[in-house]
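This report goes through selected residues and contacts of one structure. The sequence and the coordinates are shown first, and the notes follow.

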Amino acid sequence: MTDAVKGPASYFPSIEKKYGRPIAEWTDLIRSSPLTKHTELVNWLKTEHGLGHGHANALVAHTLAEARGK
């Protein structure tokens with residue numbers, strides 16, 4: 001039996017399907033942004049790239065956690 005994906009990564013299949021870009025592309029965009037705060041990055045993804053709040057939040061949370069080594 002496999003464990004279900006939990007946390008921000010559970011949104012990834014629907015993000016890729018809805019917005020047509022792989023997760024690696026979104027994380028690269030977030031990493032290359034001059035913004036560093038979670039809320040700023042979420043708002044940027046929503047306004048500049050048309051993501052919904054939950055999807056933007058999941059991408060930012062995952063990317064920032066990766067950067068912290070978690």
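## His55

His55 has a relative accessibility of 14%, which is under the 20% limit, so the residue counts as buried. The model is a predicted one. His55 belongs to helix H4, which spans residues 53-67. Beyond residues up to four places away in sequence, His55 touches Tyr11, Ser14, Ile15, Lys18 and Tyr19.

Arg21 places its charged end over the ring of Trp26, at 4.9 Å from the ring centre.

## Helices H2 and H3

Helix H2 covers residues 23-32 and helix H3 covers residues 38-49. Their axes come within 11 Å and cross at roughly 115°. The crossing is right-handed.

Which residues make the contact between H2 and H3? On the H2 side they are Trp26, Leu29 and Ile30; on the H3 side they are Leu41, Trp44, Leu45 and His49. By class, the contact of H2 with H3 consists of six nonpolar residues, one polar residue and no charged residue.

## Thr27

Thr27 is located in helix H2. Is Thr27 buried or exposed? Its relative accessibility is 7%, so Thr27 counts as buried. With residues up to four places away in sequence left out, Thr27 touches His62 and Thr63.

Ala56 is placed in helix H4. At a relative accessibility of 0%, Ala56 counts as buried. Its contacts, leaving aside neighbours within four places in sequence, are Val42, Leu45, Lys46 and Leu51. Leu45 is also one of the H3 residues that meet H2. Ala56 and Trp26 are 30 residues apart along the chain, and their C-alpha atoms are separated by 9.4 Å.

Asn57 lies in helix H4 as well. Asn57 has a relative accessible area of 30% and is partly exposed, whereas Ala56 counts as buried. Leaving aside neighbours within four places in sequence, Asn57 is in contact with His38 and Val42. Val42 is likewise among the contacts of Ala56. From Asn57 to Thr39 the separation is 18 residues in sequence and 8.2 Å in space, C-alpha to C-alpha.

## Ser10

Where is Ser10 placed? Ser10 is in the segment before helix H1, which runs over 12-19. With a relative accessible area of 38%, Ser10 is partly exposed. The C-alpha atoms of Ser10 and Glu25 are 17 Å apart in space, for a separation of 15 residues in sequence.

Notes:
Residues are numbered from 1 along each chain as its sequence is written. This is a predicted model: local features need pLDDT of at least 70, side-chain atom pairs count only at pLDDT 80 or more; totals for chains, interfaces and linings use all residues. Side-chain values use heavy atoms; hydrogens and water are left out. A charge sits over a ring if NZ of Lys or CZ of Arg is within 6 Å of the ring centre and within 35 degrees of the ring normal. Axes are lines fitted to C-alpha atoms, for helices over the stretch in contact, and angles run from 0 to 180 degrees between N-to-C directions. Helices (H or I, at least four residues) and strands (E, at least two) are DSSP runs, numbered from the N terminus. A crossing is left-handed if the near helix is turned anticlockwise from the far one by less than a right angle, and right-handed if clockwise. Contact means heavy atoms within 4.5 Å. Ala, Val, Leu, Ile, Met, Phe, Trp, Tyr, Cys and Pro count as nonpolar, Asp, Glu, Lys and Arg as charged, and the others, Gly among them, as polar. Buried means under 20% relative accessible area, exposed over 50%, partly exposed in between (1.4 Å probe, protein chains only).
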